[in-house]
Amino acid sequence: MSDLYLLWRNLFRRKLRTFLMMLAIFVAFVIYGVLGSIHYAFEHGVDSSADNRLVVVNKITFIQPLPYAYVGKIAAIKGVKNLTFANWFGGYYQDARNQIGTFAVDPESYLRIYRDDLRIDPAARDAFIHDRTSMVVGEAIATKYGWKVGDRIPINSNIFTNKTDGSHTWELTVAGIAYAAKESFNTSFIIFQYENFNESKTFGKDTVGWITLETDSAAVNDKVAATIDDLFANSTAETNTQSEKAFGKAFLAQLGNIALIITLVVGAAFATILMIVGNTMVMAVRERTKEIAVLKTLGFPSWRIWRQVLGESVLLSLLGGVPGLLVAGLLVTLLSKLASGAIPGLALTLPVAGLGVAFMLLLGVVTGFLPAWNALRLNIVTALGRL
Amino acid sequence: MTGQTLIHLQDVSKRFVKGKDTITIFDHLGLSIPAGDFVAVMGPSGSGKTTLLNLLGGIDQPTEGSITFDGGRVDTLTEGQLARWRAHNVGFIFQFYNLMPTLSAARNVELPLLLTSFGRAERKRRVEAALSLVGLAERADHYPREMSGGQQQRVAIARALISDPKLLLCDEPTGDLDRTTADEILAMLRLLNQEMGKTIVMVTHDPEAAKYARRTLHLDKGRFTERELVA
């Protein structure tokens, strides 16, 4: 017999109660594992953007377009090494529920800017540049719909009308599949030729959604951004130039403050668990007051009993939390498959799991501290009623 | 056979503060118990019997006076030192057995050995020996709820003996048992005293139980009123 055996026997003295506490902790860590992984994937995806990439958008909101003429003017600014632009298309396939991130881009400059993020076959790249009705499909979308090179796919827009036939459909040929060169890069997208789009849309001609540029180095980012915004100050389309990371975060913020939502949900779950488990642990130890007094009478030092009680709550937390994290890992893997790569890098990563284990230990210590302290200070004479 | 003094109380006073009142339990009490003695302590409720047992067992400290055990002061020890002292020198037997309900008889008996450096095999050997001594070897794997009061008390005795203490303190050890079982337990205590030389101090309300002791001390209002040799 060891202290651990004693601890184990005490923990499972009331199996149903212990099981329910473990279940509560389990649920909390499933929530934490799933939401934490999603948050990490979003944050990590944005953080992996190149440091020297800037995005120029309309100062009012990035939904407002910028004149195409800005492209040339910005390209001429000192410190700008490469530049491309893109236009939001509002694309979907067959059904409006099948939304696909679809962008009208300048093929050559776009692929040059994202050369380190995307892998694309040279032949496919050439085909994309030379065929005005072609598109490059991200791996996640190609896999999801089973598209292959040469397929002609009707892509619909929920914003624009195709003036050639008055429909909302553009029929595009798959020139190639783009693969992520970095795990965190999202391949749930379609890019097609801006020239084709610009000529066939019924409104907003010669405008672009945003301009992405590469500076000579991250050190000149602020200067270049200020120069661009100053250049278009007091014009009809003033600009807001920011790093691609900041732009990515601002874009995610349109979905809501994900970090805040996750913090609130996880926080609420933990606060509830803290109260339930903490209160139950206090009661569980209180009902053993006499046994603790007997242990002290037999000569068990107070610190050893303190360690026992604290160990009990930490073990309880781990027994509920570790399976919770494991199930969260399975759910996240499943979610990642269902999302077809829409959230790149979605997995229960080591930092999220590590933080989870730290939370378990913290939960165990916090919930066990008060009963352990009470056990430490327990007076034998009072506890045994031996006055 | 009794020998030299094992435990000695000199001018021991014990007072409790309760609200604005100070309650005096003992006022300059003196007592010597030789090694190998078997003392029954009797007296009405509130006479200080249990407090005396607490002081002898080092789970309470006197307000004044000194307590020596085997020549060494006990009343000056810190809480941690007292815990170690109890583990090595004192075995406790309670009225309601106070076994751990989550542990089997063998595990209950083994508990005090967790405070020693004995290995698993040695602990197992000692537990088997102690349970055999109290006649419960075949009930080693039984839990307290599966045993009668008398059997539980015998497990408690085995637990008290396992670390081979010099002093056994018994607080109404037969108070919860029927006459026949009580006699079995008391006979066992007498055997431990006579055959193994254990010094026993037993608090009891039962004059029949006191007859098993070598002598009886009567305590009333914090003072010994009569000393009577029985054996």
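Start by selecting residues 314-336 of chain A: the chain here is 100% helix and 0% strand, and the end C-alpha atoms are 32 Å apart. Helices (H or I, at least four residues) and strands (E, at least two) are DSSP runs, numbered from the N terminus. This is a predicted model, in which local features need pLDDT of at least 70 and side-chain atom pairs count only at pLDDT 80 or more, while totals for chains, interfaces and linings use all residues. Residues are numbered from 1 along each chain as its sequence is written, and chains are lettered from A and ligands numbered from 1 in the order in which they are written.

Next, select residues 20-42 of chain A. This span is also 100% helix and 0% strand, with its end C-alpha atoms 33 Å apart. An unreviewed UniProt entry lists residues 20-42, 258-278, 314-336 and 348-370 of chain A under "transmembrane region". UniProt positions are given in the numbering used here, feature names are shortened, and annotations may be inferred rather than shown by experiment.

Now show both chains. Here 18 residues of chain A are in contact with 21 residues of chain B; contact means that C-beta atoms, placed from the backbone, lie within 7 Å. On the side of chain A that touches chain B, α1 (3-11), α11 (289-298) and α14 (380-383) each supply at least two residues. Of that side, α11(A) gives the most, with six residues.

Move to chain B and select B:Val39, B:Val41 and B:Met202. These have the most contacts inside the largest nonpolar core, which has 65 residues. A nonpolar core is a set of buried Ala, Val, Leu, Ile, Met, Phe, Trp, Tyr and Cys residues joined through C-beta atoms within 7 Å; buried means that 20 or more other C-beta atoms lie within 10 Å of a residue's own. Helix α5 (residues 149-161) of chain B gives the most to this core, with six residues. Apart from this core lies another, of 50 residues, including A:Met22 and A:Leu348.

Last, select strand β4 (residues 64-69) of chain B. Five bridges join β4(B) to strand β1 (residues 5-18) of chain B, and the two run antiparallel; strands pair if DSSP finds at least two bridges between them. Within this pairing, B:Gln10 has B:Ser66 as its bridge partner. On to strand β5 (residues 72-73) of chain B, which is antiparallel to β4(B) and joined to it by two bridges. B:Phe69 stands opposite B:Gly72. Between β4(B) and β5(B), which form a hairpin, there are two residues; B:Asp70 in the turn has a positive phi of about 55°.

Definitions and conventions:
Buried ≥ 20, exposed ≤ 12 C-beta atoms within 10 Å, placed from the backbone. Contact = placed C-beta atoms within 7 Å.
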